[in-house]
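Welcome, and please open your viewer with the chain in cartoon view. I'll tell you what to select at each stop and what you will find there.

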Amino acid sequence: MSDALDLSGTDSAQAWTLLQQKFAAAAPGEALEILISGDAGGLLREMQKSHWGAFDWAPLEEVSGQGRYWVRKLDKPSQKRRLNEFLTSDHRRCDSVFTTLEEKAAAGDKEGTRLHFQRFERGMHRHFKMEEDLFFPAFEARTGMTRGPTMVMRMEHEQMRGILKQMRQSLEGGDVHGVARACSTLLMVMQQHNVKEEQMLYAMGEMHLGAEGDALTLQMQAVV
């Protein structure tokens, strides 16, 4: 990944121009990091209007009022985002950050563990929020299934939140190896959870929500 594009000292029009230029020059599949002061919502909305179906977007971390964001140019842009593809793509992004976190923790790299845990924790909480605040309620309203698969997924989210809390406590206590041990537990839970969502729930969501799915992914992408 290349050095971050620093947009923190620019006005909104200039920031949009610079981001468009950087995005246009990016190769398919390439990921960028951008730095923004204040609310990044305006830039995201411009990206959604101009490049919907062509990019992924996620917040990474906040430092001293400055936000760092991840933007990836999709390999195969389309006119819309399928709900299954969008949420599965976010699983893979979180998985990638988790792999680096595991490596840093296993090596005893405290600073690397701290950075990648911060990114992973934020990514996981954002993913839970996208599902719990938007996807699950829409699915339940359409199907009437409030005690079915979404209930199980919520329970598993809580289980993962508990492990993330343990990891943060270990990190705050300087116990990097404690983070590594928790990673092993979380990996097993996370893999089983993701398989159930990707092979069952997301497909059911697409089937029942139909055309609403694309509008829903637009809302989910804006979650911070």
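Start by selecting the buried residues of helix α5: P149, T150, M153, E156, H157, M160, I163, L164, M167, S170 and L171. Here buried means under 20% relative accessible area, exposed means over 50%, and partly exposed is in between, using a 1.4 Å probe and protein chains only. Helices are DSSP runs of H or I with at least four residues, strands are E runs of at least two, and both are numbered from the N terminus. An α-helix has 3.6 residues a turn, so residues three or four places apart point the same way.

A word on what you are looking at: this is a predicted model, in which local features need pLDDT of at least 70 and side-chain atom pairs count only at pLDDT 80 or more, while totals for chains, interfaces and linings use all residues. Residues are numbered from 1 along each chain as its sequence is written, and side-chain values use heavy atoms, with hydrogens and water left out.

Now show what lies over that buried set: the cover includes α3, α4 (110–143) and α6 (176–209). Next, colour α5 itself, residues 149–172. Its 24 residues reach 35 Å from the first C-alpha to the last, close to the 34 Å expected at 1.5 Å a residue; that expected span is 1.5 Å times one less than the number of residues. Just past α5, click on G174, where phi is positive at about 80°.

Go back to T150 in α5. Beyond its neighbours within four places in sequence, T150 is in contact (heavy atoms within 4.5 Å) with F136, F139, E140, M145 and L201.

Next stop: N194, in helix α6. This residue is buried as well, at a relative accessible area of 9%. Which residues does N194 touch, apart from its neighbours within four places in sequence? Select H91 and D95 to see these contacts of N194. While you are there, draw a distance from N194 to R92: the two are 102 residues apart along the chain, yet their C-alpha atoms are separated by 9.7 Å.

Follow that distance over to α3, residues 83–106. This helix has 24 residues and reaches 35 Å from its first C-alpha to its last, again close to the expected 34 Å. Pick out T100 in α3, which is partly exposed with a relative accessible area of 23%. From T100, draw a C-alpha to C-alpha distance to G112: 8.7 Å in space, for 12 residues in sequence. After α3 comes G108, with a positive phi near 75°.

Finally, zoom out to the whole protein, which has 7 helices and 4 strands. Trace them along the sequence and you will read β-α-β-α-β-β-α-α-α-α-α. The radius of gyration is 18 Å, close to the 17 Å that the globule rule gives for 224 residues, so the protein is as compact as a globular protein of that length. That radius is taken over C-alpha atoms, and the rule is 2.2 Å times the number of residues to the power 0.38. Along the principal axes, the C-alpha atoms fill a box of roughly 45 × 45 × 25 Å. Buried residues account for 48% of the 224. Of the contacts between residues at least 6 apart in sequence, 74% join residues at least 24 apart.
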